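Here are my notes on this one, as numbered points. Have a look at the model first, then read on.

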Amino acid sequence: MAERQIESRTLTKFDVMVVGSNMIDLLSHISQLPKMGETVIGDSFHLGHGGKGANQAVMAARLGARVGMITKVGDDVFGKMTIENFTKEGISTDTVFIQKDQSSGVAPIFVDKNGSNMIVIIPGANLDLTPQEVQGAAERIRSSKIIVSQLEINEETIIAGFQIAKEAGTTTILNPAPARPISDELIKLSDLIIPNETEAEVLTGIKVEGRKGAQQAADKLLGAGAKQVILTLGADGAYLFDSEHQAHFPALSVEPVDTTGAGDAFIGSLAYALAQDQSLPEAIRFANLVAAISVTKIGTQASFPTAKEVDQVKSSLL
């Protein structure tokens with residue numbers, strides 16, 4: 001069926017442009033995650049905004065970045081809510097497309113009393129975002145310092161955006177999540193690949209256990225053409241690898257309440273920091289701080305701090 005794009009506005013220069021997904025999160029808090037076939041009674045329910053692309057865009061915008069979003073929603077109430085949320089967060093919606101007769105993406109999320117989570121995503125209209133639509137947004141990509149993408153949309157759509165970015169000298173960041181194998185073409189188009197240990201294992205076939213496993217997985221990605229790799233390992237922090245160097249950035253010690261969205265907080269804040277011309281090591285330290293703050297609150301985007309909030313708490317965490 002026909003699709004339409006929301007009304008166009010004047011082209012601006014962006015710090016961060018996200019080619020990615022949006023979801024409505026259906027978040028349930030329960031005492032423990034159910035076993036197969038088990039029914040449990042939950043403690044609370046929250047409807048919120050999510051999707052890895054949207055999360056990372058919101059995180060960068062909360063910190064003060066000029067952010068644009070290339071994505072697609074369904075022609076339904078969730079799609080309207082998503083566009084309204086982007087507008088509220090100060091994110092450009094010039095290239096948010098609306099697909100007729102399709103649902104918007106949704107993500108049922110279950111979080112237990114320890115903050116561990118289990119997530120199912122139903123992409124809906126996200127998978128209808130086409131390479132041609134991304135190519136139609138070429139000027140917005142070229143006007144951006146950083147382009148970020150994830151794997152909740154089709155690979156050929158990501159490749160279309162990254163090809164435009166590479167031709168323009170725009171830095172490309174790939175968050176290969178949810179985990180699935182990807183082509184060497186996409187790896188080579190990525191200036192920076194940021195998987196967690198599960199995603200790195202899917203990409204490389206190497207089990208990531210400690211620094212040695214992280215090094216082996218990163219070496220395989222670098223050998224496939226990645227320029228730099230950051231492996232995020234939760235409580236073990238993050239490792240940075242390139243062809244000549246490696247470095248470890250310890251996680252900050254906090255009492256987690258809800259880890260949902262912590263990885264997106266890391267990537268969105270990293271993109272923001274790089275757009276502000278911080279060095280990559282500085283940006284990783286900053287992203288570790290922001291991610292640590294996010295896990296101390298319930299929710300996904302609801303847990304993402306503003307720049308003012310980061311300034312207020314960083315002295316107690318660093």
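1. Let's start with Val 16. Setting aside neighbours within four places in sequence, Val 16 is in contact with Ala 60, Ala 65, Arg 66, Val 67, Gly 68, Ile 146, Val 148, Ala 271, Tyr 272 and Ala 275. Bear in mind that this is a predicted model.

2. Val 16 also turns up in the largest nonpolar core, which has 47 residues. Together with Ile 173, Ile 230, Phe 266, Leu 270 and Ile 284, Val 16 touches the most other members of that core.

3. On to helix H1, residues 52-62. Is H1 mostly covered or mostly open? Mostly covered, with nine of its 11 residues buried. The buried ones are Gly 53, Ala 54, Asn 55, Gln 56, Ala 57, Val 58, Met 59, Ala 60 and Ala 61. After H1 comes Gly 64, and its phi is positive, near 115°.

4. What does H1 pack against? One partner is helix H9 (residues 262-275): the two axes come within 7 Å and cross at roughly 50°. The crossing is right-handed.

5. If you want to inspect that contact, look on the H1 side at Lys 52, Asn 55, Gln 56, Met 59 and Ala 60. H9 brings Asp 264, Ala 265, Ile 267, Gly 268, Ser 269 and Tyr 272. By type, the residues split into five nonpolar, four polar and two charged. The spacing is worth a thought here: an α-helix has 3.6 residues a turn, so residues three or four places apart point the same way. Note as well that Ala 60 and Tyr 272 are both on the contact list of Val 16.

6. The other helix pair I'd flag is H7 (residues 197-204) with H8 (residues 210-223). These pack at an angle of about 50°, and their axes are 10 Å apart. H7 and H8 are therefore oblique to each other, and their crossing is left-handed.

7. Which residues meet between H7 and H8? From H7 they are Ala 200, Leu 203 and Thr 204, and from H8 they are Ala 217, Lys 220 and Leu 221. That contact divides into four nonpolar residues, one polar and one charged.

Terms used. Residues numbered from 1 in each chain as written. Predicted model: local features only at pLDDT ≥ 70, side-chain atom pairs only at ≥ 80, totals over all residues. Heavy atoms only, no water. Core = buried A, V, L, I, M, F, W, Y, C linked by side-chain atoms within 4.5 Å. Buried < 20%, exposed > 50% of the residue type's maximum accessible area, 1.4 Å probe, protein only. Contact = heavy atoms within 4.5 Å. Helix = DSSP H or I, 4+ residues; strand = E, 2+ residues; numbered from the N terminus. Axes fitted to C-alpha atoms, helices over the stretch in contact; angles between N-to-C directions. Parallel < 35°, antiparallel > 145°, perpendicular 65-115°, else oblique. Left-handed = near helix turned anticlockwise from the far one by under 90°. Nonpolar A, V, L, I, M, F, W, Y, C, P; charged D, E, K, R; others polar.
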